[in-house]
Amino acid sequence: MYLFINPLGGVCYQAEKNILQLMQDATEDVRFRFIPLLNMQSTQDVMKLKKLPVNDLAARNQLVSEIYRASLDFKAALFQGKKRGRAYLLNVQQQMNNRTSPYDDEVALKAAKESGLDEEMFLHDRQSDFAAHSFMQDQKMAAEMNVAHHPTVVLFNVSGFDCGIAMDACDSYDVLTDIFAGRSPQDLVEQTCGQKTILNRARTPLKIKFNSNN
């Protein structure tokens, strides 16, 4: 399972907490990753959410810069272990939820300290070519999966499906609960994936939209 997120987003913060809770309760063996997403569509989505004029180039550039820096910092935190990396991400998002000023080193270093990171290693890794390359690989994977918005959850190897499934991470909470409990929701099983072999080969998941209050 892949959850594509905004490393500074409050909506994504809640989606991540839901996923982590589901992981604890899951009866299936589930491997998962939180992946920072940054593209034109996701940037525009955030601008609309923040009520920023979409034609404000300065605001757009500032937002892209913040999300990019936060994404590299998250990648650097992950180099010290997945659990610490996820703790770092949640800490940053929690701070930004209660903050009106931009993402900066104060936020990053506080999150690093409270997540138990080696600060010297973190400061080195956040500026490394490896962090930047890892981030670019994530964007390439998102493009291959046709993921444009966050939070989006993509699942592979789901019982009853020969292709991946892409869903809004918030609206699909009940469906994820069923899947992780080993139950494939009937309304999902009855749908088809279309050209299954092409979807598999291209890593392009079937996108399913749900009406849900979760």
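Predicted model: local features only at pLDDT ≥ 70, side-chain atom pairs only at ≥ 80, totals over all residues.
Reader: Where does helix 3 run, and what span should its 22 residues have?
Author: Helix 3 covers residues 57-78, and at 1.5 Å a residue it should span 32 Å; its end C-alpha atoms lie 31 Å apart, which agrees with that expectation.

Reader: And which residue caps its N-terminal end?
Author: That is Asp 56, which places a side-chain oxygen 3.2 Å from the backbone nitrogen of Ala 58.

Reader: How do helix 3 and helix 7 pack?
Author: Helix 7 takes in residues 129-144, and the two helices pack at an angle of about 110° with their axes 9 Å apart. Since angles of 65 to 115 degrees count as roughly perpendicular, helix 3 and helix 7 are therefore described that way.

Reader: Which residues make the contact?
Author: Helix 3 contributes Tyr 68, Ser 71, Leu 72 and Lys 75, while helix 7 contributes Ala 131, Ala 132, Ser 134, Phe 135 and Asp 138. By class, five of these residues are nonpolar, two are polar and two are charged.

Reader: Changing topic, how many salt bridges are there?
Author: The count comes to five.

Reader: Which peptide bond is cis?
Author: The bond from His 150 to Pro 151 is cis, with omega near 0°, and Pro 151 is found in the loop between helix 7 and strand 3.

Note on methods: Residues numbered from 1 in each chain as written. Heavy atoms only, no water. Helix = DSSP H or I, 4+ residues; strand = E, 2+ residues; numbered from the N terminus. Expected span 1.5 Å × (residues − 1). Polar contact = N/O pair within 3.5 Å; in protein donor to acceptor, adjacent residues only side chain to side chain. Axes fitted to C-alpha atoms, helices over the stretch in contact; angles between N-to-C directions. Parallel < 35°, antiparallel > 145°, perpendicular 65-115°, else oblique. Contact = heavy atoms within 4.5 Å. Nonpolar A, V, L, I, M, F, W, Y, C, P; charged D, E, K, R; others polar. Salt bridge = Lys/Arg side-chain N within 4 Å of Asp/Glu carboxyl O.
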